[in-house]
Amino acid sequence: MIHRTPFLLPLFYPTLTWRIQTPRKELFLTFDDGPVPGPTEFVLDTLSRFQAQATFFCIGDNVRKYPGVFARILGNGHAVGNHTFNHLNGWKTTTEKYVDNCDLCSNEFAKNSPAFQPATTPLFRPPYGRITRSQIRALKNFEIVMWDVLSVDYSQVILPEKCLKNTIRATRNGSIIVFHDSYKAERNLTYVLPRFIRHFVSQGYSFKALR
């Protein structure tokens, strides 16, 4: 399984954000597919324990169903990004429908939490990492965030210990790392996340949100 993004992809899509160039020892945790009770709350508790900040790419329909969990993300000072309303695959969706679904997600953010303040350049991550060039152009007002490291925590085949080892090995300074605050990923997430953070904190790294 590939944990580090192949180096050619950022060359083909240079307008997308893959990694943060920083002289400091900083890493950028991101979480996809929440918010949901249980996994998202575990993530928030773990981040608080290590005084780490992160970015949550939220599905609009989950925000609708669990506004209290979404409000807690914001209340803890983390960043949030749009992940479409229905977790759409851009390769299988027309540009018009895709953009409309993103708008639905943004509207849900604002509707369900008075603490939400839209960023000057809002963040967006395409579900599955699949997006067309036409959709990229249509979402020009967003910063489209991909990743440098994929934990593959959602895999039912990879064991937690292997998931941790592979994710640590793939991570480098400035990496944007993807975990999933979802029920599918919960087994690996609960094992890997605290150990991953502890490892890099011991190496002098801090964890920042994307802003």
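A disulfide is taken here as a pair of cysteine sulfur atoms within 2.5 Å. By this rule the count comes to zero disulfides. In general, a disulfide is a covalent bond between the sulfur atoms of two cysteines. The closest cysteine sulfur to that of C105 belongs to C58 and is 7.3 Å away, too far for a bond. C105 has 0% relative accessibility and counts as buried, where buried means under 20% relative accessible area, exposed over 50%, and partly exposed in between (1.4 Å probe, protein chains only).

Please keep in mind that this is a predicted model, in which local features need pLDDT of at least 70 and side-chain atom pairs count only at pLDDT 80 or more, while totals for chains, interfaces and linings use all residues. Residues are numbered from 1 along each chain as its sequence is written, and side-chain values use heavy atoms, with hydrogens and water left out.

**Helices around α2**

Helices (H or I, at least four residues) and strands (E, at least two) are DSSP runs, numbered from the N terminus. Two packed helices are described by the angle between their axes and the distance between the axes. Axes are lines fitted to C-alpha atoms, for helices over the stretch in contact, and angles run from 0 to 180 degrees between N-to-C directions.

Helix α2 covers residues 39-50 and helix α4 residues 67-75; their axes come within 10 Å and cross at roughly 15°. α2 and α4 are therefore roughly parallel to each other, since angles under 35 degrees count as roughly parallel, over 145 as roughly antiparallel, 65 to 115 as roughly perpendicular and the rest as oblique. Contact means heavy atoms within 4.5 Å. On the α2 side T40, E41, L44 and D45 take part, and they meet V69, R72 and I73 in α4.

The axes of α2 and α8 also come within 10 Å, crossing at roughly 10°. That makes α2 roughly parallel to α8. From α2, the contact uses P39, F42, V43, T46, L47, R49 and F50, and from α8 it uses E186, L189, T190, L193, P194, I197 and R198.

The table gives both contacts by class. Ala, Val, Leu, Ile, Met, Phe, Trp, Tyr, Cys and Pro count as nonpolar, Asp, Glu, Lys and Arg as charged, and the others, Gly among them, as polar.

| Contact | Residues by class |
|---|---|
| α2 with α4 | three nonpolar, one polar and three charged residues |
| α2 with α8 | nine nonpolar, two polar and three charged residues |

**Buried places**

In helix α7 (residues 160-170), the buried residues are P160, C163, L164, N166, T167 and A170. C163 has 0% relative accessibility. The cover over the buried residues of α7 includes β6 (149-150), β7 (176-180) and α8 (186-202).

L27 sits in strand β1 and is buried, at 0% relative accessibility. Beyond neighbours within four places in sequence, L27 touches residues including T171, I177, F200 and F207.

**Backbone details**

Most residues other than glycine have a negative phi, and most peptide bonds are trans. G34 and P35 are joined by a cis peptide bond with omega about 0°, and P35 lies in the loop between β1 (26-32) and α2. Q51 has a positive phi near 55°; this residue is in the loop between α2 and β2 (54-58) and is exposed, with a relative accessible area of 76%. Y128 has a positive phi near 65° and belongs to the loop between β4 (123-124) and α6 (133-138).
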